[in-house]
Amino acid sequence: MIAIGAVILNRVADENFPNTVEGVILQPNQFCSVRDGQFDLEPNESAYEAAYQAILGVDPTNGSLFFYNPDIATAVWSFQRPIEAVIGNHRFTK
């Protein structure tokens with residue numbers, strides 16, 4: 001969860017993305033958790049802690065702007081980017 005928060009904050013800081021957390025999260029077709037309704041779930045304590053850690057600057061993604069799960073990803077471009085970090089089933093890229 002910290003890694004996803006870091007990606008969101010990395011995007012906010014990048015001129016190629018919206019400059020607010022809300023703008024990044026709600027940018028169309030960027031996060032499947034928005035599309036599939038997970039975004040509307042009540043956050044638990046670990047979600048709050050992960051958000052806090054990301055806000056403090058913890059970034060296990062090494063500045064990544066994108067992430068994907070290679071087992072289910074369908075966007076060919078995602079496989080062509082250099083991998084900055086592997087966390088669980090996810091690959092994080094710039």
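Trainee: How many aromatic pairs does a search of the whole structure find, and how do I read them?

Mentor: A pair of aromatic rings is described by the distance of the centres and the angle of the planes. Here the search turns up five pairs, counting Phe, Tyr and Trp rings (the six-membered one for Trp) with centres within 6.5 Å. Phe-17, Phe-66 and Trp-77 make up one cluster. Bear in mind that this is a predicted model: local features need pLDDT of at least 70, side-chain atom pairs count only at pLDDT 80 or more, and totals for chains, interfaces and linings use all residues. Numbering runs from 1 along each chain as its sequence is written, and side-chain values use heavy atoms, without hydrogens and water.

Trainee: What is the order of the strands in the sheet?

Mentor: Strands are DSSP E runs of at least two residues, helices H or I runs of at least four, and two strands pair if they share at least two bridges. This open sheet goes β1-β3-β2, with antiparallel pairing. β1 and β2 (83-87) are the edge strands, each pairing on one side only. Four bridges link β2 to β3, and Ile-83 sits opposite Thr-93 in β3.

Trainee: Which element gives the most to the lining of the largest pocket?

Mentor: Rolling a probe the size of a water molecule over the atoms shows where empty space is left. In this model, α1 gives the most, with seven residues. By class, the lining has 30 nonpolar, twelve polar and three charged residues. Lining residues have an atom within 4 Å of a pocket point (1 Å grid, 1.4 Å probe, an open set with protein on both sides within 12 Å along at least five of seven lines); Asp, Glu, Lys and Arg count as charged, Ala, Val, Leu, Ile, Met, Phe, Trp, Tyr, Cys and Pro as nonpolar, the others as polar.

Definitions and conventions
Rings of Phe, Tyr and Trp (its six-membered ring) pair if their centres lie within 6.5 Å; planes under 30 degrees apart count as stacked, over 60 as edge-to-face and the rest as tilted.
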